[in-house]
Amino acid sequence: MTRAQYIRMTEGMRALLSRLPGGEKFLRLPTLLCACAYIFSLVFLMLRRDARLVRVLLVPAACFLAVTALRPLIGRQRPYDRFGAPPVGRYRPGKGKSMPSRHTASAAAIACAVIAVFPTPAVCAAMLALCALIAALRVLSGQHYISDVVAALALSFALSLAGYLL
């Protein structure tokens, strides 16, 4: 991605969000929906005293910890720091590293957790769509490169697959 592509992409997203109610706050909505689905799943398992609760807690935590540990090792600068142009939404210059995307990794881990609790085609489709939306918004808002979200998805899906099938 070049600086010109980055600026064109973030300006396009900014223009789109300016036409939506709530504007840039829309960027947080998919993450909030994902968190609500996860909390609902945890409460459901707790109320049923379901043994899957431990796994549904540990697998996303393992994904989050793995991504958090990898970020400083990889040390990739965020696009807005590299290109010297602000992303869409709130940000702090120099804040953290970019690869892999923690939001995307968490969304993928949560999608897998919710699917493990409610393994229906509708839930699967909804959670995977929500995960894809979060990943796309991380790139389109200028917070991450495409490779950051792809790496996060691959890592979380691999860890989740291992965590739920083993």
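Which residues in α2 meet which residues in α5? I shall take that question as my starting point, and I note at once that the model under discussion is predicted.

On the α2 side, the residues are T31, C34, A37, Y38, S41, F44 and L45, and they meet H103, A107, I110, A113, V114 and V117 in α5. By class, the residues of this contact comprise 10 nonpolar, three polar and no charged. As for geometry, the axes of α2, residues 29-47, and α5 come within 9 Å and cross at roughly 35 degrees. The crossing of α2 past α5 is left-handed.

Let me now turn to α7. Helix α5, residues 102-117, and α7 have axes that come within 8 Å, with a crossing angle of roughly 30 degrees. These two helices are therefore roughly parallel to each other. Here α5 passes α7 in a right-handed crossing. From α5, the contact is made by T104, A105, A108, A109, C112, A113 and A116; from α7, by V149, A152, L153, S156, F157, S160 and Y164. The residues of the contact of α5 with α7 divide into 11 nonpolar, three polar and no charged.

Is D148 buried or exposed? D148 has a relative accessible area of 0% and is therefore buried. Its side chain is joined to that of R76 by a polar contact of 2.8 Å. Setting aside neighbours within four places in sequence, D148 is in contact with S98, M99, P100 and S101 as well as R76.

Note on methods:
Residues are numbered from 1 along each chain as its sequence is written. This is a predicted model: local features need pLDDT of at least 70, side-chain atom pairs count only at pLDDT 80 or more; totals for chains, interfaces and linings use all residues. Side-chain values use heavy atoms; hydrogens and water are left out. Buried means under 20% relative accessible area, exposed over 50%, partly exposed in between (1.4 Å probe, protein chains only). A polar contact is a pair of N or O atoms within 3.5 Å; within protein, one must be able to donate a hydrogen and the other to accept it, and residues adjacent in sequence count only if both atoms are side-chain atoms. Contact means heavy atoms within 4.5 Å. Axes are lines fitted to C-alpha atoms, for helices over the stretch in contact, and angles run from 0 to 180 degrees between N-to-C directions. Helices (H or I, at least four residues) and strands (E, at least two) are DSSP runs, numbered from the N terminus. Angles under 35 degrees count as roughly parallel, over 145 as roughly antiparallel, 65 to 115 as roughly perpendicular and the rest as oblique. A crossing is left-handed if the near helix is turned anticlockwise from the far one by less than a right angle, and right-handed if clockwise. Ala, Val, Leu, Ile, Met, Phe, Trp, Tyr, Cys and Pro count as nonpolar, Asp, Glu, Lys and Arg as charged, and the others, Gly among them, as polar.
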